[in-house]
Amino acid sequence: TDMEDYLTADLPVELPTRLYYGVPQLKHLLFALDRYKKYLVILFSEEKTRAVEVFLTTAADEYEAPTGAGARISLRQGGRKARTQASERRDLETERTVVSRVAGKINEYFLGDPEFERIVFGGNLKLAHAVKNALHPAVADYLVTVERIDTNASSEEIADRVNQIADEVEAEHGMGLVDDLVTRQHACGRAVLESQGVLNAVRNGQANKMVVPYPIDADAFDELFLAAALNNVEIEFVTGEAAEKLNRFGGVGASLYYAG
C-alpha cells in the first residue's frame, strides 16, 4: 500500500501479521511463494488419468481424462491358460500407445509455458514409470518423484502427501543451490557470496539468481530485495541446514551470468 491504493494477495497458508513503514517489504510474500511451489500431481490408472493441482499447501483444480483410447488397458500378468500370445501382444501395443499419447501431452504442455514447477506421478506405478521413461528429458527435470498415491485418494490426502514431498525436495534443492554457489565461486568465479558483492552484481546486471537464507533479519536485505526486483533477478530462499551453511559463507549469494 501507498496509503491510497492497496494490492493484496490471498495465500491459503498461515502467516504472522507484520506491519512495516518505509522501505517496501517483499521478503515474506516472496518466501511464501518460493517455499510452496506449484505442483501438478498426475495419477494413472488403467481407466483414467487424474491430474490434481496443489499450490500453497492446498489442492486446487483437478480434472480427469480417459487413459485408454476408448477401452481399458490391462497391465496385469495373466495366467498362461487365460492369455494367448496374440492377446499379450495386443495389450503390449495398447500400453505403448497409451504411454506415448499421455507422455506426448505432458511434453507438449511443459515444453510450452508451464504453469507448474514440480510434477509428482502416482497411481498405477507400472504405468507411471512407463510414462516417466517416455518423457522428454527437459520435461523429466520437472518430475521429482513417483509415489504410491491411490488414484481415488481425496484432494486433502493428496495435498498432505505433496506437502511432505515438498519439504524433502526443497531441503535437498536448497543444499544443492548453496553447494553450487560455493563451487562456482571457487572454480570459475561465476558466483559471489556476501551482501555487498551480491548487491554490486545485482545493480550491474551481472546476477542471474540470488539465494537468500530464511528467516531473514527485518532490515538487512531490504535494499537488496528492491534492487533484485528492479533488475528482474530470480530469488530463491533456503532454510534449515542450507541456510546455516549459506550464513557461514556470508549470508547471501548470487550466481552470475559471467565472471568478474
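**Entry 1: Ile158**

I looked up Ile158 and found a relative accessibility of 0%, so I noted Ile158 as buried. I am working on a predicted model. Ile158 sits in helix α5. Which residues does Ile158 touch, leaving out residues up to four places away in sequence? I listed Val41, Leu43, Arg50, Val52, Val54, Ile149 and Ala153. I then checked Val41 again. Ile158 and Val41 are 117 residues apart in sequence. In space, their C-alpha atoms are 8.2 Å apart.

**Entry 2: Arg118**

Next I picked an arginine. Arg118 belongs to strand β4, residues 118-123. Is Arg118 buried or exposed? I read a relative accessible area of 13%. The limit for buried is under 20%, so Arg118 counts as buried. I looked for a polar partner. The Arg118 side chain makes a polar contact with the side chain of Glu170, at 3.2 Å. Glu170 is also one of the residues that Arg118 touches, not counting those up to four places away in sequence. That list also has Lys37, Lys38, Tyr39, Leu40, Tyr142, Val144, Val169 and His173.

**Entry 3: Salt bridges**

Side chains of opposite charge can pair when their charged atoms come close. How many salt bridges does the count give? I got 7 salt bridges. I wrote up some of them.

Lys245 pairs with Asp179, with the closest N and O atoms 2.5 Å apart. This pair links distant parts of the chain, 66 residues apart. Lys245 lies in helix α8, residues 240-248, and Asp179 lies in helix α5, residues 155-187. Lys245 is partly exposed, at 21% relative accessible area. Asp179 is partly exposed too, at 30%.

Asp180 forms a salt bridge with Arg184, and here the closest N and O atoms are 2.8 Å apart. Both residues lie in α5. They are 4 residues apart, about one turn of the helix. I noted 36% relative accessibility for Asp180, which counts as partly exposed. Arg184 is partly exposed at 27%.

Arg203 and Glu223 meet through their side chains, at 2.3 Å from N to O. This pair again links distant parts of the chain, 20 residues apart. Arg203 is in helix α6, residues 195-203, and Glu223 is in helix α7, residues 222-230. Arg203 has 47% relative accessibility and counts as partly exposed. Glu223 is partly exposed at 48%.

**Entry 4: The sheet**

I turned to the strands. Strands of a sheet pair through backbone hydrogen bonds, either parallel or antiparallel. What is the order of the open sheet of 4 strands? I read β6-β9-β7-β8, with mixed pairing. The edge strands are β6 (191-193) and β8 (234-238), and each pairs on one side only. Neighbouring strands are turned by 20° against each other on average, direction ignored.

I followed β6 to its partner. Strand β9, residues 253-256, runs antiparallel to β6, and 3 bridges join them. Leu193 has Gly253 as its bridge partner in β9. Helix α5 also belongs in this picture. It lies across β6, β7 (207-213), β8 and β9. It runs at about 105° to β6.

**Entry 5: Helix α6**

I checked both ends of α6. Just after the helix, Gly205 takes a positive phi of about 70°. Which residues of α6 are buried? I wrote down Gly197, Val198, Leu199, Ala201 and Val202. Their cover includes β6, β7, α7 and β9.

**Entry 6: The cores**

Last, I looked inside. The largest nonpolar core has 22 residues. Val198, Met210, Val212, Phe225 and Phe237 have the most contacts inside it. The elements giving two or more residues to this core are α6, β7, α7, β8 and β9. I traced Phe237. Leaving aside neighbours within four places in sequence, Phe237 is in contact with Lys27, Leu30, Phe31, Asp34, Val212, Tyr214, Ile216 and Phe225. I also found a second, separate core of 20 residues. Its members include Leu40, Ala103, Phe121 and Val139.

Methods
Residues numbered from 1 in each chain as written. Predicted model: local features only at pLDDT ≥ 70, side-chain atom pairs only at ≥ 80, totals over all residues. Heavy atoms only, no water. Salt bridge = Lys/Arg side-chain N within 4 Å of Asp/Glu carboxyl O. Buried < 20%, exposed > 50% of the residue type's maximum accessible area, 1.4 Å probe, protein only. Pairing = 2+ DSSP bridges. Axes fitted to C-alpha atoms, helices over the stretch in contact; angles between N-to-C directions. Contact = heavy atoms within 4.5 Å. Polar contact = N/O pair within 3.5 Å; in protein donor to acceptor, adjacent residues only side chain to side chain. Core = buried A, V, L, I, M, F, W, Y, C linked by side-chain atoms within 4.5 Å.
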